[in-house]
Amino acid sequence: MKAKRRSQSLVIGVTWYTEETWSQVKATAVDPECFEESFAKWKAMAVAARRNFQRSGVLALECQIDPQEFFDWCALNNQENNSTARGEFVSEKLSAAHEAKA
């Protein structure tokens, strides 16, 4: 008997904001230069990036950042609001959501 091949896709979380949450997180970031000049420019970049991931077979899930939840997470984990922390936060949220479904 042959084992069935399961197609496994790579799943990533894409940091996602509303205009208000983008402004709040950017205002307190230690690396504001990592943000686009405006929310509109950020959104255009984020939509294009998500589309490119999906075209390459990567499931890119939007992960909304709640600023207060993120700031609390930073305090709890002794992190600054920087790109690394934002990525780790989104990764943890995606992992927690996946485990909750399992």
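The face of H2 turned away from its buried side carries Ala 40 and Arg 55, both exposed. Keep in mind that this is a predicted model.

**Helix H2**
- H2 covers residues 39-55, and its 17 residues should span 24 Å at 1.5 Å a residue; the end C-alpha atoms are 24 Å apart, so the two figures agree.
- The buried residues of H2 include Phe 39, Trp 42, Ala 46 and Arg 50. These four cover an arc of only 65° around the axis, which means that they sit on the same side of H2.
- Packing against the buried residues of H2 are strand S1 (11-16), helix H1 (19-28) and strand S2 (59-64).

**The largest nonpolar core**
- This core has 19 residues, and those touching the most other members are Tyr 17, Trp 42, Ile 65 and Phe 70.
- At least two residues of the core come from each of S1, H1, H2, S2, helix H3 (67-76) and helix H4 (83-101).
- Leaving aside residues up to four places away in sequence, Trp 42 is in contact with Thr 15, Trp 16, Tyr 17, Trp 22 and Glu 36.

**The largest pocket**
- Its volume is about 260 Å³.
- The lining of this pocket is made of 15 residues, with Thr 15, Tyr 17, Trp 42, Met 45 and Arg 86 nearest the centre.
- H2 gives the largest share of the lining, 6 residues, while S1, H2 and H4 each supply at least two.

Note on methods:
Residues numbered from 1 in each chain as written. Predicted model: local features only at pLDDT ≥ 70, side-chain atom pairs only at ≥ 80, totals over all residues. Heavy atoms only, no water. Expected span 1.5 Å × (residues − 1). Buried < 20%, exposed > 50% of the residue type's maximum accessible area, 1.4 Å probe, protein only. Arc of directions from axis to C-beta. Contact = heavy atoms within 4.5 Å. Core = buried A, V, L, I, M, F, W, Y, C linked by side-chain atoms within 4.5 Å. 1 Å grid on protein atoms, 1.4 Å probe; cavity = no way out; pocket = protein on both sides within 12 Å on 5 of 7 lines; lining within 4 Å. Points joined across faces, edges and corners; volume = space filled by probe spheres on them.
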